[in-house]
Amino acid sequence: MGLSKTQRKLRIRRRIRKVSSGTAAKPRLSVFRSNSEIYAQVIDDVNGVTLVSASSRDKDIAKVKGNKTEIAALVGKTIAEKSVKAGLEKVAFDRGGNLYHGRVKSLADGAREAGLKF
């Protein structure tokens, strides 16, 4: 009998976190995707601090009409703008056990367009 979807995702998430860790110089861009929303945060794991965050529930993004993929791209653009303003150009991308496809890929592309490098 195989693993359930959530067990598989958790195993992938643990494997990613073993390798990927955020520092002050190169923090980790972590993505969490629920069924209806998407959240992103830039984290310094050494100090255990969230430096910048954005989500589809932010007031300026929530009032924008569009499908979930378009909103994910907008969240990526927003997190990149906030990060660049905070002086963070390079990040390590953490897809959080999700496949690099659909909304996660859209968020990453939006962040790259707005100036983040990963």
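Guide: Let's begin with helix α4: its buried residues pack against β1, β2, α3 and β4. Keep in mind that this is a predicted model.

Visitor: Which residues of α4 are buried?

Guide: Helix α4 covers residues 103-113, and its buried residues are Arg103, Val104, Ser106, Leu107, Ala108, Gly110 and Ala111.

Visitor: And what follows α4?

Guide: Gly115 follows α4, and its phi is positive, near 120°.

Visitor: You mentioned β1 and β2. How do they pair?

Guide: They pair in the antiparallel sense, over 6 bridges. Strand β1 takes in residues 28-33, while strand β2 takes in residues 38-44. Together they form a hairpin, with 4 residues between the two strands.

Visitor: Is β4 parallel or antiparallel to β1?

Guide: Those two run parallel, and 3 bridges join them. Strand β4 consists of residues 92-94.

Visitor: Switching to salt bridges. How many are there?

Guide: The count comes to 7 salt bridges. One of them joins Asp94 and Arg28, whose closest N and O atoms are 2.7 Å apart.

Visitor: Why would I care where those two sit in the chain?

Guide: Asp94 lies in strand β4 and Arg28 in strand β1, so this pair ties together parts that are 66 residues apart in sequence.

Visitor: Are they buried or exposed?

Guide: Asp94 is buried, and Arg28 is buried too.

Visitor: What about the salt bridge of Lys77?

Guide: The side chain of Lys77 meets that of Glu113 in a salt bridge, at 3.7 Å from N to O. Lys77 belongs to helix α3 and Glu113 to helix α4, so the pair ties together parts that are 36 residues apart in sequence.

Visitor: Which residue forms a salt bridge with Asp109?

Guide: That is Lys105, with the closest N and O atoms 3.3 Å apart. Both residues lie in helix α4, and they are 4 residues apart, which is about one turn of the helix. Asp109 has 26% relative accessibility, so Asp109 counts as partly exposed. Lys105 is partly exposed as well, with a relative accessible area of 36%.

Visitor: New topic: pockets! How much space lies in the largest pocket?

Guide: About 330 Å³ of space lies in the largest pocket. Its lining has 13 residues, and those nearest its centre are Lys5, Lys9, Arg33, Asn98 and Leu99.

Visitor: Where does the largest share of the lining come from?

Guide: Helix α1 gives the largest share, 4 residues.

Visitor: And what classes of residue are in the lining?

Guide: By class, the lining has 2 nonpolar, 7 polar and 4 charged residues.

Visitor: Where is Asn98 placed?

Guide: Asn98 is in the loop between β4 and α4. With 3% relative accessibility, Asn98 counts as buried, because the cut-off for buried is under 20%.

Visitor: What does Asn98 touch, apart from its close sequence neighbours?

Guide: Leaving aside neighbours within four places in sequence, Asn98 is in contact with Lys9, Val31, Arg33 and Val104.

Visitor: Last one: where is Ile16, and is Ile16 buried or exposed?

Guide: Ile16 is in helix α1, which spans residues 5-19. Its relative accessible area is 15%, so Ile16 is buried.

Visitor: Which residues is Ile16 in contact with?

Guide: Beyond neighbours within four places in sequence, Ile16 is in contact with Asp94, Arg95, Gly96 and Gly97. Also, the C-alpha atoms of Ile16 and Phe93 are separated by 9.9 Å, although these residues are 77 residues apart along the chain.

How values were computed: Residues numbered from 1 in each chain as written. Predicted model: local features only at pLDDT ≥ 70, side-chain atom pairs only at ≥ 80, totals over all residues. Heavy atoms only, no water. Pairing = 2+ DSSP bridges. Buried < 20%, exposed > 50% of the residue type's maximum accessible area, 1.4 Å probe, protein only. Contact = heavy atoms within 4.5 Å. 1 Å grid on protein atoms, 1.4 Å probe; cavity = no way out; pocket = protein on both sides within 12 Å on 5 of 7 lines; lining within 4 Å. Points joined across faces, edges and corners; volume = space filled by probe spheres on them. Nonpolar A, V, L, I, M, F, W, Y, C, P; charged D, E, K, R; others polar. Salt bridge = Lys/Arg side-chain N within 4 Å of Asp/Glu carboxyl O.
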